[in-house]
Amino acid sequence: MGTTDLATSVQVSVRQADESVVEDLEWASAALDLLRKAQPWRTFRWYKGQQHYSGAYWAATVRDHVIYESRLELGRLLFADHAANVRHVVAQPFLLKAEVEGKLRRHIPDYLLLTDDGPVVVDVKPRHRLERPKVAFAFAWTRAAVASRGWRYEVWSEPDPHELENVRFLAGYRRDWLFDPDLLDGLRACELEGRSLREAFRLLPECPRPLVKSAVLHLLWSGHVTTELGRPLSLGHVLRRAA
């Protein structure tokens, strides 16, 4: 079945805020606003001996909690929350159904990201499981369905460990209401391009250094400045203005 044929057969079901379910809408015409407001399709449970680490992460992007069902999904959430072009995140946004190779197939993607470049549907899976036939088949028809709307589809596996550790550390500075707006404005007015973190932490000497340090790290988290995150963060890291 080609992408065009698949696009005509795909249906989507969405759980709404009042727990009612809108079922079997035509995927090609389902309103993005409906998908944006979707509640997670599944509810997760904790039980003794479970294999996955589930929980809820407070995302600065949506100023609310977003669920995850594994540490790998939590990692993807951290990266989405840190990305300057991500405007909204929906966990387990919908149930897709499609008839593929003579059988009715179902799949619940892990995340829907609304970005400046358009919607991105995300599945999260450990790298060693990607070549399993069942997984590869499900992701292939899901990719075709997503592409039929002109959206991007992404399969996310283990990230670079240094980058993940740095993003996890910076996430501790994501809550903007904890920072003095005047202090942040003072730092934004400084020339941060080309300064090391050590130098940036010493700016605004009239302010307590711990507050300056935390404010600089908040600006790094929020994307006002960037730096190399592929190696352990250090005082020698050089800041760059965001593009």
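Predicted model: local features only at pLDDT ≥ 70, side-chain atom pairs only at ≥ 80, totals over all residues.

**Rings, charges and sulfurs**

Mentor: Let's start with Tyr68, which counts as buried because its relative accessibility is 7% (buried is under 20% relative accessible area, exposed is over 50%, and partly exposed is in between, with a 1.4 Å probe and protein chains only). Residues are numbered from 1 along each chain as its sequence is written, and side-chain values use heavy atoms, with hydrogens and water left out.

Now the rings. Searching the whole structure turns up seven aromatic pairs, where rings of Phe, Tyr and Trp (its six-membered ring) pair if their centres lie within 6.5 Å, and planes under 30 degrees apart are stacked, over 60 edge-to-face and the rest tilted. Tyr68 is in one of them: its ring centre is 6.3 Å from that of Tyr53 and the planes meet at 20°, so this pair is stacked. It links distant parts of the chain, 15 residues apart, with Tyr53 in the loop between α2 (32–36) and β3 (55–59) and Tyr68 in strand β4 (residues 64–68). Those elements are DSSP runs numbered from the N terminus: helices are H or I with at least four residues, strands E with at least two. Tyr53 has 40% relative accessibility, so it's partly exposed.

Next up, Phe139 and Tyr153: centres 6.3 Å apart, planes at 70°, so call that edge-to-face. Phe139 belongs to helix α4 (residues 133–147) and Tyr153 to strand β10 (residues 152–156), so the pair ties together parts 14 residues apart in sequence. Both Phe139 and Tyr153 are buried.

There's a cluster too: ring pairs join Trp27, Phe94 and Trp151. Trp27 also has Arg149 over its face, 5.0 Å from the ring centre. The charged end of Arg15 likewise sits over the ring of Trp41, at 5.0 Å from its centre. The rule there is NZ of Lys or CZ of Arg within 6 Å of the ring centre and within 35 degrees of the ring normal.

Last, the sulfurs. A disulfide is a covalent bond between the sulfur atoms of two cysteines. With a cut-off of sulfur atoms within 2.5 Å, the disulfide count is zero. Cys190 is in none, and the nearest cysteine sulfur, in Cys207, is 9.7 Å away. Cys190 is buried because its relative accessibility is 17%, while Cys207, at 25%, counts as partly exposed.
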